[in-house]
Amino acid sequence: MPVLVCTGPPAQRENGQLREAVVSHAVVDQAIGVVVAVGGLCPDQGFEVLREVSQRTEVKLRQASAMIVDWAHSEQQPEEIRRALEGALAAARCV
């Protein structure tokens, strides 16, 4: 059976989108790990905390996740993200 190989701009665009999705997923997973470690939560709660931070700050999930991962390395975090993360962690611990 012949194998079809797509080349050209549409295939390149799709490959770029797939790479971006993989990187985005990795960043979100890393941020879930940070939230789980900091908050003593399970992974499902960690994702919900990230979602809550994203919604409260009106920052896309991937961007909020990247800020949280960066915070784990640099200990610096935007004030708005810090406040939203603290609130979401407090709410998640009560559940």
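Helix α2 in this predicted model comprises 15 residues, 43–57, and extends 21 Å from its first C-alpha to its last, close to the 21 Å expected at 1.5 Å a residue. The expected span is 1.5 Å times one less than the number of residues in the helix, and helices are DSSP runs of H or I with at least four residues, numbered from the N terminus. Residues G46, V49, L50, V53, S54 and T57 of α2 are buried, meaning under 20% relative accessible area with a 1.4 Å probe, protein chains only. These residues lie on the same side of α2 because they cover an arc of only 135° around the axis, the arc being that of the directions from the helix axis to the C-beta atoms. Just after α2, E58 adopts a positive phi of about 55°.

S65 belongs to helix α3, residues 61–74, and counts as buried because its relative accessibility is 0%. Not counting residues up to four places away in sequence, S65 touches V27, V28, A31 and L50, where contact means heavy atoms within 4.5 Å.

L85 is located in helix α4, residues 79–94, and its relative accessibility of 5% makes L85 buried. With residues up to four places away in sequence again left out, L85 touches V35, V49, V53, I68, W71 and Q77. The C-alpha atoms of L85 and E52 are separated by 8.1 Å, although the two residues are 33 residues apart along the chain.

Residues are numbered from 1 along each chain as its sequence is written, and side-chain values use heavy atoms, with hydrogens and water left out. In this predicted model, local features need pLDDT of at least 70 and side-chain atom pairs count only at pLDDT 80 or more, whereas totals for chains, interfaces and linings use all residues.

Technical notes. Helices (H or I, at least four residues) and strands (E, at least two) are DSSP runs, numbered from the N terminus. Buried means under 20% relative accessible area, exposed over 50%, partly exposed in between (1.4 Å probe, protein chains only).
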